[in-house]
Number of protein chains: 2
Amino acid sequence: MSGNGEFDLVARIKARATTAMGTREDVALGIGDDAALLQLPAGRQLVVATDTLNEAVHFPVETAPADIGWKALAVNLSDLAAMGATPAWCTLSLSLHAAQPAWLDAFLDGFLALAVQHGIALVGGDTTRGPLSICVTAHGHVETGSALRRGGARVDDDLWVTGTLGDAAAALSQWRAGGASEPALRARLDRPMPRVDIGRALTNIAHACIDVSDGLLADVGHLCDASGVGARLDVDVLPASPMLEAMFTVETRRVLQTSGGDDYELCFAAASSQRDAITALGAATGVPMTRIGRIVAGRDVESLVDGAHWHPPRRGFDHFNG
Amino acid sequence: MSGNGEFDLVARIKARATTAMGTREDVALGIGDDAALLQLPAGRQLVVATDTLNEAVHFPVETAPADIGWKALAVNLSDLAAMGATPAWCTLSLSLHAAQPAWLDAFLDGFLALAVQHGIALVGGDTTRGPLSICVTAHGHVETGSALRRGGARVDDDLWVTGTLGDAAAALSQWRAGGASEPALRARLDRPMPRVDIGRALTNIAHACIDVSDGLLADVGHLCDASGVGARLDVDVLPASPMLEAMFTVETRRVLQTSGGDDYELCFAAASSQRDAITALGAATGVPMTRIGRIVAGRDVESLVDGAHWHPPRRGFDHFNG
């Protein structure tokens, strides 16, 4: 084999992954065979999410490789979080313009840092030549029957969101405008924090959950569609970071927070009897939990500002149009 | 949402997949939530393989979309076959230059035709904008402890291969030379037949197994490395299709069969006491089973022609160099 070929990259990934994470007892066979061989705990259902990040579509071309690695795993962990799953294993399929060990090492710095945080093992994948593209499949598990779904919201449920909204979209808009992104905002774009612990805790609290990746209004729309309900949102209570408040007008902020996307927060519906439990969960995790509206009858997602209907200029972020 | 956006493509994939395959009882939640929710049968281990195909790297640009769809799933099913796994579920992450419903429908024609043959359910994925790239993750299961691995070959085992070798590489070489590929050869390149049933049967027969994707010598090398053994191959007994025999000199044929890759046959090691069982398996499945050599002590893979050492001009197919 050549010194820079596919096999050496896989060997490098395997060595780095083993050093960073050690081994999990439930991995009978990891990187290096035709497939991984895994032991699901008894009484659990398997949860599988897959998402691809492409250069210039999902991240600016000059994004640091470590940030790309972090984000490629984070967006998938966010999907597991939205199901209330415990992360277990992932695969990584990596297309690179050329075999660049230094780039790969930096990429793995970010990827493995997040993997170690969540105890998820990298168990397989492939590397190949092509335009920069990263496909991660993340596997987790939940107690049978207890997964959070989009489809369980009920009329009169409260609608909640974790953390703050709009920072990632703000960083992207600054970058698109040709300037440097404010570092605190850019960190939210490049290093989203998947709400895994909160998702797990919500399996006993929430009726329905989704992660905010396309933009709040679009994702609330998905949750409502799946549940056969509508929602009424109070735009001016949407949680914003101090930096977002300081740097943008209220009109711009509303758009970034409702339509920007890339937040990777959880949006969930829960009975009003759960308010104390949710507040306590926020206090325990140090993550703000904000009640942003209510589930209503019908099928419409209404946004209100000062009690009047409000519409953002565009809705959601669609990777084929956005 | 726009009429050609990501969400419509996902809806189209979901509708087509449901029509083609119906539903599996072990899919609690398929396409349409944040992640799939799956029920692994009791007493089974999970088997996971992932592989990406990129335009111009893994298939010629003008390849028919239906063939691309078939092959994207086939290469992953071949990995499951090499583990002796029963296919169950897959995810599809699709990057497209633009949202083209006609292209997607043709792609799904091929993908779903093979999925239906093997009863594997498409349970999730994403579509996004980018250079044409298809990442499939295939999930199957095996009885706990019974998976075929690369690492179990023993000295004095016979080495076997299913089917015939070299046709796909021959088609690729014809295409690279600028001519049309012979259709019978091209079909082997575009529509490989993963040896799933044979792989399952081999769990009770073989000591070690690998699928032939990089080229026979490279893959026998992987099997030997994992097993800590060597191998001695008789090049002139390697099984060839009548078309390959008719169209190429013996010298070219040897290279295509040992180093070409893309065969997606199984190569396996088994005790000589299993010869009758293997012959019977070949008769039952209608797939030729050919004894091509022997596992020996040491670490070297030796190729013999008329009893003398023979070396191909290059070894294996490396997607970063080949």
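I count two strands as paired if DSSP finds at least two bridges between them. The model I am working from is predicted.

**Sheet.** I looked up the strand order first. I found an open sheet of 6 strands, and it reads β5(A)-β4(A)-β6(A)-β3(A)-β2(B)-β1(B). The pairing is mixed.

**One strand pair.** I then took β4 (residues 86-96) and β6 (residues 133-143), both of chain A. They run antiparallel and pair over 9 bridges. Within this pair, I see A:Ser93 opposite A:Cys135 in β6(A).

**Helices on the sheet.** Helix α2 (residues 65-83) of chain A packs on the sheet. I list its contacts as β3 (44-54), β4 and β6 of chain A, together with β1 of chain B. The direction of α2 makes about 145° with that of β3(A). Helix α3 (residues 101-118) of chain A also packs on the sheet. This helix touches β4, β5 and β6 of chain A. Its direction makes about 170° with that of β4(A).

**Symmetry.** How is chain A superposed on chain B? A rotation of 180° does it, with 0.0 Å of shift along its axis and an RMSD of 0.0 Å. That is the relation of a two-fold axis.

**Interface.** I checked the interface residues of chain A, and 100% of them are also interface residues in chain B. The copies therefore meet through the same surface.

Technical notes. Residues are numbered from 1 along each chain as its sequence is written. Chains are lettered from A and ligands numbered from 1 in the order in which they are written. This is a predicted model: local features need pLDDT of at least 70, side-chain atom pairs count only at pLDDT 80 or more; totals for chains, interfaces and linings use all residues. Side-chain values use heavy atoms; hydrogens and water are left out. Helices (H or I, at least four residues) and strands (E, at least two) are DSSP runs, numbered from the N terminus. Contact means heavy atoms within 4.5 Å. Axes are lines fitted to C-alpha atoms, for helices over the stretch in contact, and angles run from 0 to 180 degrees between N-to-C directions. Copies are superposed by least squares on the C-alpha atoms of residues with pLDDT of at least 70 in both.
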